[in-house]
Amino acid sequence: MATRSAAVTHSYVTTTGAGRAELRWRARAVPGSKDPNTASLVELGEQVKQIVSSSSWWDRYGVDWCILTAGLGLAFLGMYLASYRHPLLFASGMVASGAGHWILANKGAHLAIHNALAESRRLNTFAAWFLGELAGAFSSRGGFDVHIKVHHPHTNVVGLGDSSSFRAPFLPKYVYMFCAPLLVPALSPLISVQLLWGQWSAMLSCIVTIAAGLYINHFLLVHFSGFSVLGAAAFMLASRSTFGLPYIHVNIFQHIGLPMYSQETRPKRIQLMSTGVLNLSRNAVLDWVFGHSLISCHVEHHLFPTLSDNMCFKVRPVVREYLTAHGLPYNEDTYMGRLRLFVEKYEEWMVKLPPITHFVGLQ
Ligand SMILES: [Zn+2]
């Protein structure tokens, strides 16, 4: 396995399964480290709880609200800059608009559906609708169903939270990796309809909200930035596509290529998340646009999903130390390192069925 861990303590042994490759994850004995089977999420949770209870509101929520406010500012700054026809200002406007959109629609909506934006559930529910559905053109209920109900509790369990919704094996490698992600904003409303198919009233409400959000954005681009009707639509689509590539990359980089389990072979939660989740290296732009929980603290996010981005970052050293002390992996890699690997192993990781892993523990 090419993933870098804080301490490389494990290896894989391929065995023959019934018609499908199978792997056995086993830890190598490292002097001083404990048996991975003794790791306890309750024990780690106590340490994290202490950090959370001694943190201020600013640390728990304030920092992330500031970034969301900056996202809103960027969206408007982008519309303002785009009113200039100077190529550099226009391009800056497009990037600023795109960054603002993704901060609100991805970072903000993701935290909101996890109830990680505030103590109040009502405020989180409203924020998920406002940021995800109205501003982001993606169903907040559909997002909740696939992300909260399936991906998080069943991370890397084949047929459930195995990130297979991000696979498109019919697409050639370079089309999938570098072209198709640009269509994410255009496809989001259609995917929302697909997710809500059969829940007719929810689907109708979602369509009305998405249409209203697109109309408001379009209206502002025509009346504030001075675009024509067609020009505003084109700018909206193009600016929202700016972070489509990293969005798809990040979503596949952090799980695919790591151990995948079946319902029967899934280990306990702390081992599942330690082996099946990867943190990307810190990156100023991606940390801001997508948030720590989706970039450099994805492991922490999967272990403690109701923590805000800033709190995930704050508990990171404790989580890292606990996992490595118990001989469990703390997977980390750079964005470019992961990109190279996915281009190299596209067929194996994105097209073929993943092998089933058995967590053995210490041997
Ligand atoms: Zn999440």
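**Figure 1. Helix α5 and the elements that cover its buried residues.** In this predicted model, helix α5 spans residues 140–151. Its buried residues are Ser140, Arg141, Gly142, Gly143 and His151. What covers these buried residues includes α3 (87–113) and α4 (121–135), and also α7 (184–195) and α8 (200–223).

**Figure 2. The loop between α5 and α6, with His154 and Asn156.** Helix α6 covers residues 173–178, and Asn156 lies in the loop that runs between α5 and this helix. His154 is placed in the loop between α5 and α6 as well. Are these residues buried or exposed, or something in between? Asn156 counts as buried because it has 24 C-beta neighbours inside 10 Å, and 20 or more are needed for that label. His154 has 17 C-beta neighbours inside 10 Å, so it counts as partly exposed. Leaving aside neighbours within four places in sequence, His154 is in contact with Leu160 and Gly161. Leu68 is 86 residues from His154 in sequence, and the C-alpha atoms of the two are 29 Å apart in space. The backbone of Asn156 has a positive phi of about 60°, although Asn156 is not a glycine. Most residues other than glycine have a negative phi.

**Figure 3. Asn115 in the loop between α3 and α4.** Asn115 sits in the loop that joins α3 to α4. Its phi is near 60°, which is a positive value in a residue other than glycine. Asn115 is partly exposed because 18 other C-beta atoms lie within 10 Å.

**Figure 4. The packing of α4 against α8.** Two packed helices are described by the angle between their axes and the distance between the axes. For α4 and α8, the angle is about 75° and the axes are 7 Å apart. That angle makes α4 roughly perpendicular to α8, a term that applies from 65 to 115 degrees. Which residues make the contact between α4 and α8? On the α4 side they are Glu133, Leu134 and Ala135. On the α8 side they are Cys206, Thr209, Ile210, Ala212 and Gly213.

**Figure 5. The largest nonpolar core and a separate core.** The largest nonpolar core has 69 residues, and within it Ala112 and Leu131 touch the most other members. Helix α3 gives the largest share of this core, ten residues. Apart from this core lies another, of six residues, among them Ala137, Phe138, Leu195 and Ile210. Not counting residues up to four places away in sequence, Leu131 touches Leu104, Ala105, Gly108, Ala109, Ala112 and Gly136.

**Figure 6. Two exposed glutamates, Glu46 and Glu264.** Glu46 is found in helix α1, which covers residues 41–53. With 10 other C-beta atoms within 10 Å, Glu46 is exposed. Glu46 and Trp200 are 154 residues apart along the chain, and their C-alpha atoms are separated by 43 Å. Glu264 lies in a loop, the one between α10 (244–253) and α11 (269–276). Glu264 counts as exposed because it has 8 C-beta neighbours inside 10 Å. From Glu264 to Lys345 the distance is 27 Å, C-alpha to C-alpha, and the two are 81 residues apart in sequence.

**Figure 7. Spans listed in an unreviewed UniProt entry.** For "domain: Fatty acid desaturase", the UniProt entry lists residues 88–332. In the model, the end C-alpha atoms of residues 88–332 lie 36 Å apart, and the span is 64% helix and 2% strand. For "transmembrane region", UniProt lists residues 61–82, 88–105, 174–191 and 197–215. Residues 61–82 are 95% helix and 0% strand, with end C-alpha atoms 32 Å apart. Residues 88–105 are 100% helix and 0% strand, and their end C-alpha atoms lie 25 Å apart.

**Figure 8. Confidence along the chain and at residues 1–8.** The chain averages a pLDDT of 91, and 94% of the residues score at least 70. Over residues 1–8, pLDDT stays under 50. The model has 16 contacts beyond four places in sequence for residues 1–8. Where pLDDT is low, the predicted coordinates should not be read in detail.

Note on methods
Residues are numbered from 1 along each chain as its sequence is written. This is a predicted model: local features need pLDDT of at least 70, side-chain atom pairs count only at pLDDT 80 or more; totals for chains, interfaces and linings use all residues. UniProt positions are given in the numbering used here, feature names are shortened, and annotations may be inferred rather than shown by experiment. Helices (H or I, at least four residues) and strands (E, at least two) are DSSP runs, numbered from the N terminus. A residue is buried if 20 or more other C-beta atoms lie within 10 Å of its own, exposed if 12 or fewer, and partly exposed in between; C-beta atoms are placed from the backbone. Two residues are in contact if their C-beta atoms, placed from the backbone, lie within 7 Å. A nonpolar core is a set of buried Ala, Val, Leu, Ile, Met, Phe, Trp, Tyr and Cys residues joined through C-beta atoms within 7 Å. pLDDT is the predictor's confidence in each residue, from 0 to 100. Axes are lines fitted to C-alpha atoms, for helices over the stretch in contact, and angles run from 0 to 180 degrees between N-to-C directions. Angles under 35 degrees count as roughly parallel, over 145 as roughly antiparallel, 65 to 115 as roughly perpendicular and the rest as oblique.
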